[in-house]
Amino acid sequence: MIRRLFYMALGAFGAVWVMRKLQTLHPNHLARRAVRNATGILEQARDFAGDALDGAAERETVLRSRFGLDTVENPYNYDVKDGR
């Protein structure tokens, strides 16, 4: 009797597991998951681009101060002959 209950419970668990796996393969579920992943990748790309631009601006400020150039808004120093 115990053995039959064990196998019935094992069969019920297996059936639920298979049903859940089949639901994840349903086209609507796959489409939603693909959209969610694409949205996450887009957010990561935006974050990376923002960080890269911030780092580039900071580095440009450091280089301009090191070489004695004007600010980023006014990049030309008219007192220095540079071939223009």
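Buried means under 20% relative accessible area, exposed means over 50%, and partly exposed lies in between, with a 1.4 Å probe and protein chains only. This is a predicted model, in which local features need pLDDT of at least 70 and side-chain atom pairs count only at pLDDT 80 or more, while totals for chains, interfaces and linings use all residues. Residues are numbered from 1 along each chain as its sequence is written, and side-chain values use heavy atoms, with hydrogens and water left out.

View 1. Helices (H or I, at least four residues) and strands (E, at least two) are DSSP runs, numbered from the N terminus. Of the 84 residues, 1% count as buried. The accessible surface (Shrake-Rupley method, 1.4 Å probe; for residues, only the protein chains shown count as cover) comes to about 8,100 Å², and 63% of this belongs to carbon and sulfur atoms.

**View 2. Helix H2 and the residue that follows.** The end C-alpha atoms of H2 are 59 Å apart, which agrees with the 60 Å that its 41 residues should span at 1.5 Å a residue. The expected span is 1.5 Å times one less than the number of residues. After H2 comes Gly-68, with a positive phi near 75 degrees.

**View 3. A nonpolar surface patch of about 1,000 Å².** Its residues are Phe-6, Tyr-7, Leu-10, Phe-13, Trp-17, Val-18, Leu-22, Leu-25 and Leu-30. Patches take residues with over 30% relative accessible area and no salt bridge; nonpolar side chains (Val, Leu, Ile, Met, Phe, Trp, Tyr) are joined within 5 Å, and like charges within 9 Å. Helix H1 (residues 2-24) gives the largest share, seven residues. Leu-30 lies in helix H2 (residues 27-67) and counts as partly exposed because its relative accessibility is 37%.

**View 4. The one aromatic pair found in the whole structure.** The ring centres of Phe-6 and Tyr-7 are 5.4 Å apart and the planes stand at 65 degrees, so the pair is edge-to-face. Rings of Phe, Tyr and Trp (its six-membered ring) pair if their centres lie within 6.5 Å; planes under 30 degrees apart count as stacked, over 60 as edge-to-face and the rest as tilted. Both Phe-6 and Tyr-7 are exposed.

**View 5. The one salt bridge found in the whole structure.** Arg-64 and Glu-60 meet through their side chains at 3.2 Å, N to O; the criterion is a side-chain nitrogen of Lys or Arg within 4 Å of a carboxyl oxygen of Asp or Glu. Both residues lie in H2, four residues apart, about one turn of the helix. Arg-64 counts as buried because its relative accessibility is 15%, whereas Glu-60, at 33%, counts as partly exposed.
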